[in-house]
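Below is a brief report on one protein model.

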Amino acid sequence: VSQYVGQVGEKTTVKATFDHSAWFETHVGWMTNTMYIHTFKDADGNVIIWKTSKGLGMMNLQDGDTVEITGTVKEHSEYKDEKQTALIRCKITKA
């Protein structure tokens with residue numbers, strides 16, 4: 001069962017496995033922007049997400065790859081009755 005990681009506003013580093021990425025396009029006026037939601041799980045099964053305009057294509061991540069994520073906890077929320085921690089301003093490195 002997923003629990004929250006860290007405290008809102010604090011910087012944290014988590015070792016996790018890459019679960020998947022999803023993307024959608026947003027439209028503001030005449031501009032189109034692609035938004036990605038990258039999902040990870042730590043060793044305790046906690047869900048960590050990163051919503052960003054950056055894709056992870058250059059990292060060539062595959063589902064199940066282990067990474068280290070450093071970022072600031074933006075919020076704690078629930079999606080489909082599962083607790084998740086949203087990070088912002090992330091740096092991801094392969095572990």
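## The largest pocket

The lining of the largest pocket divides into five nonpolar, three polar and four charged residues. Here Ala, Val, Leu, Ile, Met, Phe, Trp, Tyr, Cys and Pro count as nonpolar, Asp, Glu, Lys and Arg as charged, and the others, Gly among them, as polar. The lining residues are D19, H20, A22, I37, T39, K41, V47, I49, K51, Y79, E82 and Q84. Two or more of them come from each of β1, β2 (31-42), β3 and β5. Strands (E, at least two residues) are DSSP runs, numbered from the N terminus.

The pocket holds about 230 Å³ of space. A pocket is an open set of points on a 1 Å grid over the protein atoms alone, where a 1.4 Å probe fits, with protein on both sides within 12 Å along at least five of seven lines; lining residues have an atom within 4 Å of a point. Points are joined across faces, edges and corners, and the volume is the space filled by probe spheres set on them.

## Basis of the model

This is a predicted model: local features need pLDDT of at least 70, side-chain atom pairs count only at pLDDT 80 or more, and totals for chains, interfaces and linings use all residues. Residues are numbered from 1 along each chain as its sequence is written, and side-chain values use heavy atoms, with hydrogens and water left out.

## The nonpolar core

The largest nonpolar core has 15 residues. Such a core is a set of buried Ala, Val, Leu, Ile, Met, Phe, Trp, Tyr and Cys residues joined through side-chain atoms within 4.5 Å. Buried means under 20% relative accessible area, exposed over 50% (1.4 Å probe, protein chains only). F40, I48, L56, V67, I69, L87 and I92 have the most contacts inside this core.

What does F40 contact, leaving aside its neighbours within four places in sequence? Its partners are A16, T17, F18, D19, N46, V47, I48, L56, V67, I69 and I92. Contact means heavy atoms within 4.5 Å.

## Strand pairing

β1 and β4 run antiparallel, joined by seven bridges. T17 stands opposite T66 in β4. β4 and β5 also pair in the antiparallel sense, over eleven bridges. Strands pair if DSSP finds at least two bridges between them. I69 has I92 in β5 as its bridge partner.

## Positive phi

D81 lies in the loop between β4 and β5. Its phi is positive, near 60 degrees. D81 is exposed, with a relative accessible area of 75%.

R89 sits in strand β5. Its phi is near 50 degrees, also a positive value in a residue other than glycine. R89 is exposed at 65% relative accessible area.

How values were computed: Helix = DSSP H or I, 4+ residues; strand = E, 2+ residues; numbered from the N terminus.
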